[in-house]
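Here's a quick briefing to read alongside the model. Keep the viewer open and click through as you go.

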Amino acid sequence: MGAALTVIVVLFLSFVIIRVATSALVLTGMARESARFQARSAFLGVGFTTAEAESIVGHPVRRRIAMWLMWSGNAGIVSVVGSLVISFGGGGPTLGRLATIMGGLLVLALIARSRWVERAMTAAMERMLQRFTDVETRDFAGLLHIRGGWNVDELRVEPNDWLTCGTLGELGLRDEGVVVLGIERADGGYEGAPHGDDVLGAGDTLVVYGRRSRIAEIDERRRGNEGERAHASAVAEQERLELSADERT
């Protein structure tokens, strides 16, 4: 009976560990469903190679969480297997042990499916994680829920770039569907949430949010009439996209 109870305890602790890790991943900017899936994957060591998994490997806080999950998962699986061998390998009556394990699994399943338990545990864990750990470090690209071709990227300004043709307001990047988040100046300074009257110079770097294809096109755009025509075409395309979105809603 002791081995059967050990199995239940280990499974319960595994459930708690996955919930804690899920909350920690959410605090780094991951969507809750993605965080839950990746936490379970890391704990079980299934090794899914997806874009979400790559975002964990490339993020220092998420990487530490995943390493902790893999270590805990390996230890938990070994404990469960060992306890099951002890529980059913002794030659004694196994029906009671099996009933104990199945009953424990049923209780854990009911707890896992309870929305009230999930909300209460998540709220408590997030408060503890925010208070006692440093996992509040955010991945802003993750917070923007980048998908469908949208991206946070950098645009380095070269001397002959179209971006040097006027102020940010005159350039009208927002009309193309590109939002300027900040400017890294050539002298090392940084301007967050820049104003429309800010002027760009060679060596500056724009931190922007928009469609990957549009950002790439702006990066190749040069001064002159050709650049102005490309801008006008991009604005017209963005207006068509917005009109189409309005019609769908």
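First, a definition: a residue is buried under 20% relative accessible area, exposed over 50%, and partly exposed in between (1.4 Å probe, protein chains only). This is a predicted model, where local features need pLDDT of at least 70 and side-chain atom pairs count only at pLDDT 80 or more, while totals for chains, interfaces and linings use all residues. Residues are numbered from 1 along each chain as its sequence is written, and side-chain values use heavy atoms, with hydrogens and water left out.

**Overall layout**

- The chain has 10 helices and 4 strands, where helices (H or I, at least four residues) and strands (E, at least two) are DSSP runs numbered from the N terminus.
- Reading from the N terminus, the order of elements is α-α-α-α-α-α-α-β-α-β-β-β-α-α.
- Out of 249 residues in the chain, 39% count as buried.

**The strands**

- Two strands pair if DSSP finds at least two bridges between them.
- Strand 1 and strand 4 run antiparallel, joined by 7 bridges; Trp150 has Arg211 in strand 4 as its bridge partner.
- Strand 2 (residues 179-184) also runs antiparallel to strand 4, with 5 bridges between them.
- Along that pairing, Val180 sits opposite Val208 in strand 4, and Glu184 has Thr205 in strand 4 as its bridge partner.
- How much of strand 4 (residues 205-211) is buried? The count is 6 of its 7 residues, leaving the strand mostly covered.
- Strand 2 and strand 3 pair over 3 bridges, again in the antiparallel sense, and Gly182 is bridged to Gly192 in strand 3.

- Most residues other than glycine have a negative phi.
- Ala193 belongs to the loop between strand 3 and strand 4, and counts as exposed because its relative accessible area is 57%.

**Salt bridges**

- Side chains of opposite charge can pair when their charged atoms come close.
- The cut-off used here puts a side-chain nitrogen of Lys or Arg within 4 Å of a carboxyl oxygen of Asp or Glu, and a search of the whole structure turns up 8 such salt bridges.
- Arg185 has two partners worth a look: Glu191, at 3.0 Å from N to O, and Asp204, whose closest N and O atoms are 2.7 Å apart with Arg185.
- Another pair is Glu237 with Arg214, at 2.7 Å from N to O; Glu237 is in helix 10 (residues 225-248) and Arg214 in helix 9, 23 residues apart.
- Arg214 is buried at 13% relative accessible area, while Glu237 is partly exposed at 33%.
- Through shared partners, salt bridges join Glu176, Arg214, Glu217, Arg221 and Glu237 into one network.

**The negative patch**

- Which residues gather in the patch of negative charge on the surface? They are Asp153, Glu154, Glu184, Asp219 and Glu220.
- Strand 1 (150-156) and helix 9 (212-220) are the elements that give two or more residues to the negative patch.
- Patch members need over 30% relative accessible area and no salt bridge, with like charges joined within 9 Å and nonpolar side chains (Val, Leu, Ile, Met, Phe, Trp, Tyr) within 5 Å.
- Lys and Arg count as positive and Asp and Glu as negative, with His and the chain ends not counted; each charge is placed at NZ of Lys, CZ of Arg, CG of Asp or CD of Glu.
- Accessible areas come from the Shrake-Rupley method with a 1.4 Å probe.
- Asp153 is part of strand 1 and is partly exposed, with a relative accessible area of 34%.
- Ala216 lies in helix 9 and counts as partly exposed at 43% relative accessibility.
- Ala216 and Asp153 are 63 residues apart in sequence, yet their C-alpha atoms are 9.4 Å apart in space.
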